[in-house]
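Reader: I am new to this structure and would like a close look at one part of it. Please show me the model before we start.

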Amino acid sequence: MNHPSRLIMPTLGLLLMTAGCARDDRSYPSLAPRAVEKLGFAEPDVPQQQAAPDPALEREIATKRAALDDVARGFDAAARTADAAARAAGRQTVGSDAWLDAQGKLAELDDWRAQVSSLVTDIDTMITDRAATLAPVYPALTDLKEAAVAEATRQSDRIDAIEAMIAPA
């Protein structure tokens, strides 16, 4: 025969153990996304400062722009001469008079390209000097740099095309 007190003790123990499992414990973090994780990884928009007009810088930019234009015109004239010399040399043997003349004209083109490279370096220095003082970007200076880099690329491409017409050394 079963006595009721024999059933009460195991039942009471079971109730106490399940009650411990059901308690509301907030010591562990939620696995739900946090607010910062919902923002995404895109960089925030930062308003750009507008550069104040700088007459001295504008004059320097104009001087560099004029120098760039002069170098571009000089290169174009020298490139026409080098192109004609390269066509005359064609695939003549290395060391022939026509080949040597074409090589000399290519060397002149390298001098023009070096002048553009020097201008790019000067413009980069101007930009770096402004950045070192935390001055805002100056659009005319940025445009000048882009023009100088484009001219350097154009000259390199033209030199490569002319050089391809001549027999390699």
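This is a predicted model: local features need pLDDT of at least 70, side-chain atom pairs count only at pLDDT 80 or more; totals for chains, interfaces and linings use all residues.

Which residues make the nonpolar surface patch of about 320 Å²?

Author: Residues are numbered from 1 along each chain as its sequence is written, and side-chain values use heavy atoms, with hydrogens and water left out.

The patch is made by Ile-8, Met-9 and Leu-12. Patches are made of residues with over 30% relative accessible area and no salt bridge; like charges are joined within 9 Å, and nonpolar side chains (Val, Leu, Ile, Met, Phe, Trp, Tyr) within 5 Å. Accessible areas come from the Shrake-Rupley method with a 1.4 Å probe, and for residues only the protein chains shown count as cover. Ile-8 belongs to helix H1, residues 4–21. Helices here are DSSP runs (H or I, at least four residues), and strands are runs of E of at least two, numbered from the N terminus.

Next come the salt bridges. The term means a side-chain nitrogen of Lys or Arg within 4 Å of a carboxyl oxygen of Asp or Glu. Eight salt bridges are counted by this rule. Lys-64 counts as buried at 17% relative accessibility, whereas Asp-122 is partly exposed at 30%. Buried means under 20% relative accessible area, exposed over 50%, and partly exposed in between (1.4 Å probe, protein chains only).

Within helix H2 (residues 55–89) lies Asp-83. The side chains of Asp-83 and Arg-87 meet in a salt bridge of 2.9 Å, N to O. These two residues are separated by about one helical turn, because they are four residues apart in helix H2. Arg-87 is exposed, with a relative accessible area of 57%, but Asp-83 is buried at 16%. Leaving out residues up to four places away in sequence, Asp-83 touches Arg-158, Ile-162 and Met-165; contact means heavy atoms within 4.5 Å.

Lys-105 and Glu-108 are three residues apart in helix H3, so about one helical turn separates them. Glu-108 is partly exposed, with a relative accessible area of 40%. A network of salt bridges links Asp-76, Glu-151 and Arg-154.

Now for helix H3 as a whole. At 1.5 Å a residue, its 36 residues should span 52 Å, and its end C-alpha atoms are 52 Å apart, which agrees. The expected span is 1.5 Å times one less than the number of residues. Among the buried residues of H3 are Trp-99, Leu-106, Leu-109, Val-116, Ile-123 and Arg-130. The cover over the buried residues of H3 includes H2 and helix H4 (139–164). After H3 comes Leu-134, with a positive phi near 60 degrees.
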